[in-house]
Amino acid sequence: MQIYLPIAEMPVDVFLILGMGVAVGFISGMFGVGGGFLLTPLLIFVGIPPAVAVATQGPQIAASSTTGALSYWRRKSIDFKLGGVLLVGGFIGTILGVLFFNQMRRIGQLETVITLSYVVLLGSVGTLVSWESLAAVIKAGKVPPRRRTAGRHNWYEGLPFNLRFHRPGLYISVILIGFAGAGLGIGGGFILVPALIYIFRVPAQVVVGTSLFQILFTMLGATVLHAATNHSVDLFLALLLMVGGVFGAQFGARAGAQIRGDYFRVLLGLLILSVAIRFAGDVFTQPKEPFSTTLTETVR
Amino acid sequence: MSARLIATALLVLALIGTAGGARAETLIVSLSRDNILIQSNFTGERLSLFGVIQREGDEKGASAAYDAVVTVRGPRGAVTVRRKEQYGPMWLNLDERKYIAIPAFLAVQSNRSLTSIASASVREDLRIGINAQVPQQIVARGANDPRFREALQRLRIAQGLFRENPEAVRFIAPNVFQAFVDLPGTAPLGDYDVDVMVFANGAMIARGNTKFRVAKTAAEQTLATIAAEHGVWFGMGTSILALLVGWLASVIFRRD
């Protein structure tokens, strides 16, 4: 069944988009990340204009983090004070991200910038997580396997860089994450969660809830800013992704609870890394079709 | 007196001349629809065009078979064509050329191949075919490079936005033809013009025009207008929707 997207101005298959929402929602529920780093490239791959894909990411991540944040709120595991601090940084980053996004789009380098940033960001995080977790799995080979229980032994409990940072460091990272979220269509959960635990020593039980709270409001802000400045938020596309995403996330969260913590981290690391490699292929290999076209203005 | 005689003679000659030419064909074209409204289930549309060639004067003169070329052009816009080049280990968009007045949609349809309808010079003069319709690089930034123009046509053909179809026009009677225009789901919005040319023996003998418009329906257009003109409100509405969907899911899946 096809539906015409009023902003992207093209028809898409409803079930394909719903399916993508479910698949990415499943992974995001499983790993407690937004899933934007998977969904944006998938959307671009099926022909959605990159600008629309990035801008429409906001409401999708907001919807799935609402579900997550509400359940953590019921369990009283959101630190609103920390969340507020993160929010201020996130908003500044978002504004900078949207400005950057619009500027890059104007000079026609948006795709290159998105691609390169994905390679760098996902490549480094993916390598780090895979490397560390593979080493842990090998080391733990002799130890009897433990089952993962809720609230403990999460994938991020065991990442490297166990350093202590000052508050300014926190602000800078949060601004960067907001920037990445708005500019690249990444929620930033996969960076924020390990950063909070390992760099800023936030108690693990409030980290996921607080990060979801922060991502939720940052993404709502990004949605409004994108809608106000580049008018690229597609309501129909967002709705399809949201519906698929929130359902997928529920099943993903249940599946995630069944997997051992260290295998879990290996999976997440490899997933992030494979997306990075896919993008690296675009930049580092000779393209089959070196030409591309962009419509710069239309007279209607 | 003699001047009058000469004038009369000239007039008579002129009349004989036109009668002898016997090429007073007129073309009437009619399109099945002149307004295409895009609804949420829009995936493309087939338009049909009918053309009738009316010949005046010499009815019995057995004229050669007619050929028809129907050119459909969408709204025009500026297009930037970029080329990836090696930069260190990376391939980046480094070179570009700009083209203006490129139709967003272009379909050249005929009853047989364009090369057998008219000679190259006639086709060039009348701008028949995709290649003739795509203007040369105008905004010069770097030397003229025909590869960019070729790439533009190749990419547009691959996207289904440019096409040449020598079988899309069918003569249902010696002087009546029908043409199909298939608009893809990605058809750009705007005004389209349809240029119909009739040929006999390789020369154009009649020409007609019509147009149609592709627009969103009231509901789709309202949404797009709100998104474009009241972006902040549109963003807030979308945000509220996101909160609502997230909240609904948490209610549905609540495990208490």
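Which pattern does chain A follow, read along the sequence?

**Figure 1. Chain A in overview.** The model is predicted. Along the sequence, chain A runs β-β-α-α-α-α-α-α-α-α-α-α-β. That makes ten helices and three strands. Chain A has 300 residues, and 55% of them are buried. Take the contacts in chain A between residues at least 6 apart in sequence: 84% of these join residues at least 24 apart.

**Figure 2. Helix H2 of chain A, residues 36-45.** Is H2(A) largely enclosed or largely exposed? Seven of its ten residues are buried, so the rest of the structure largely encloses this helix. A residue counts as buried when 20 or more other C-beta atoms lie within 10 Å of its own. The buried set opens with Gly36(A), Phe37(A), Leu38(A), Leu39(A), Thr40(A) and Pro41(A), and it also includes Leu43(A).

**Figure 3. The residue stretch just after H2(A).** Here the view moves to Gly47(A). Its phi is positive, at about 105°.

**Figure 4. The side of chain A that touches chain B.** How many residues of chain A are in contact with chain B? The count is 51, and they meet 52 residues of chain B. Several elements of chain A each supply at least two residues to this side. Among them are strands E1 (2-5), E2 (10-13) and E3 (291-298).

**Figure 5. Residue classes on the side of chain A that touches chain B.** Nonpolar residues number 29. Polar residues number 19.

How values were computed:
Residues numbered from 1 in each chain as written. Chains lettered and ligands numbered in written order. Predicted model: local features only at pLDDT ≥ 70, side-chain atom pairs only at ≥ 80, totals over all residues. Buried ≥ 20, exposed ≤ 12 C-beta atoms within 10 Å, placed from the backbone. Helix = DSSP H or I, 4+ residues; strand = E, 2+ residues; numbered from the N terminus. Contact = placed C-beta atoms within 7 Å. Nonpolar A, V, L, I, M, F, W, Y, C, P; charged D, E, K, R; others polar.
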